[in-house]
Amino acid sequence: MMLLAPHDVPPATPPPLALRHCSSRQLYFAMLGERGSSAGRIDELTASASRAFLADKLRDAAAIDAGFPTEARSLNSVLHADHDQTAQAYRRYLDERQAGAPRRYFSCRAHAMYFLRAVAPTKLVDGAWLFGLLPRWQDPRLAPLIRIYLEELGCGAAAQNHVLLYKQLLARYGCDQWQDGPDQHFTQGAVQLALAHNASEFLPELIGFNLGYEQLPLHLPITAYELNELDIDPYYFSLHLTIDNASTGHARMALQSVLDCMPRIGDAAEFHRRVGIGYQLNGVGMGTHQAIASFDLEQELQRVIVDKAAVGAQLHSDYCRVGGRPLSDWLSSPDEIAGLLTALQSAGWIRRGQSPEQSRFWCLLTDEQAPMFGVFDGYEQQLLSDWIQAGAPSPPAALPTNRFRRRPAGGQAYAPATVLQGGATVEQIVAHHAGAKPKSGGCAELDALFEQLAEVDTKAQAFAVLEGRLSPANHPTPAGLAATRLYADLFSR
Ligand SMILES: [Fe+2]
């Protein structure tokens with residue numbers, strides 16, 4: 001397979017010093033910083049840094065071999081062959097598992113929860129790159145991609161908004177402390193946000209990125225399978241198995257857009273080359289396999305205790321002693337934490353290889369009246385539980401959580417929440433949505449949105465008001481959801 005040459009990115013005004021060497025993590029939060037700005041735009045400094053970051057990552061992407069065909073006419077057959085290979089590989093995985101093979105990805109439940117946290121920065125901007133296409137809503141070639149974006153946003157239904165679904169998943173299992181993760185956790189999310197904010201300049205790359213993102217990866221069904229096995233709700237992952245499907249789903253729509261946007265007059269080969277680099281951009285930053293492989297139970301537990309020590313080292317009295325030393329002494333340096341865990345075992349506070357309830361230290365954290373109750377979140381408790389049980393004859397047990405409910409099937413079809421009779425005017429549609437907004441609770445953002453909308457009488461004017469509310473930072477809010485419902489309703493007409 002021939003590698004594609006790097007995109008010749010025109011020189012940009014260098015970003016200011018403060019952002020020139022900023023980390024993926026800093027840039028990620030800076031690009032989400034438009035929250036509160038109803039326009040959904042980022043400031044000039046962040047825009048400049050995001051462009052430089054994207055150009056840099058595109059150069060990395062150009063060196064990745066993702067099997068992208070050099071001929072546009074081969075795209076359909078290559079993608080179908082990839083899909084078939086993935087389906088066959090998943091079949092083999094299922095056969096292996098039925099024959100008694102262990103889980104391929106997650107060694108224990110804490111490992112799966114670690115993964116959920118590691119990929120959170122990416123999942124919490126799901127679909128973000130497509131936001132950059134909203135200003136081009138009148139281009140029919142891009143309409144399928146805007147429909148994909150609206151579906152990512154659940155067309156304004158909170159129960160179908162992918163970002164909100166992932167937030168709920170994290171909260172449910174006590175995994176919502178992901179913001180301080182290492183920089184590599186943020187690279188893919190930052191790439192996706194950078195595409196959103198530089199869409200007009202990098203349109204072929206954006207379309208190619210979308211094509212790659214919507215292909216069925218083998219890790220998706222395996223992740224869903226193993227999460228379910230570990231009693232973690234797999235819905236967010238299984239949902240993407242159905243909506244990204246190659247025959248009618250997002251993968252099909254993504255391919256159609258590539259073919260539709262191919263220039264009839266002009267340099268089609270150059271367009272295809274840039275689409276290929278965008279496709280390969282999916283391989284930049286930490287992938288699923290790297291996220292899974294980066295877990296080490298012992299080291300992760302020590303990291304958590306080091307973090308706790310930074311806050312709580314001086315909050316223990318001198319009466320709290322382990323192995324003859326005050327606990328505050330053990331917690332004074334990260335280098336002491338491995339020794340502390342050994343001392344806790346020697347002193348009988350932790351009994352490894354037994355159920356956690358047999359360990360006094362565990363009870364100190366989890367009994368409601370105990371002095372350390374609430375100090376460890378759901379993920380951290382699972383980590384400790386799995387570490388204590390490691391080596392036990394029976395598989396580590398899941399901590400009690402609310403059993404997940406089965407979601408209603410078929411909720412993903414593109415269908416605006418409210419369908420009015422044909423022939424309704426924009427004012428009537430806006431008035432209908434204004435009437436449907438929640439009355440109680442006094443959401444100032446919602447009120448402000450519909451005040452602005454009261455002035456509009458064309459679709460273009462309505463979209464100009466709504467667009468920013470659909471930004472990656474704004475859409476998972478009450479005003480963002482209401483704006484998405486109205487946008488989806490108008491867009492379908
Ligand atoms: Fe999604």
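Helices (H or I, at least four residues) are DSSP runs, numbered from the N terminus. The model is predicted: local features need pLDDT of at least 70, side-chain atom pairs count only at pLDDT 80 or more, and totals for chains, interfaces and linings use all residues. Residues are numbered from 1 along each chain as its sequence is written, and side-chain values use heavy atoms, with hydrogens and water left out.

**Exercise 1.** Find which residue forms a salt bridge with Asp60, and where the two lie.

Solution.
Step 1. A salt bridge is a side-chain nitrogen of Lys or Arg within 4 Å of a carboxyl oxygen of Asp or Glu.
Step 2. The partner of Asp60 is Lys57, with 4.0 Å between the closest N and O atoms.
Step 3. Both residues belong to helix 3 (residues 44-62), where they are three residues apart, about one turn of the helix.
Step 4. Lys57 has a relative accessible area of 14% and is buried (under 20%; exposed is over 50%, partly exposed in between; 1.4 Å probe, protein chains only).
Step 5. Asp60, at 38%, is partly exposed.

**Exercise 2.** State whether Arg141 and Asp139 are buried or exposed, or in between.

Solution.
Step 1. Their side chains form a salt bridge, 2.8 Å from N to O.
Step 2. Arg141 has 35% relative accessibility and is partly exposed.
Step 3. Asp139 has a relative accessible area of 14%, so Asp139 is buried.

**Exercise 3.** Give the number of salt bridges and name the residues of one network.

Solution.
Step 1. The rule gives a count of 21 salt bridges.
Step 2. One network of salt bridges links Arg97, Arg103, Glu226 and Glu229.
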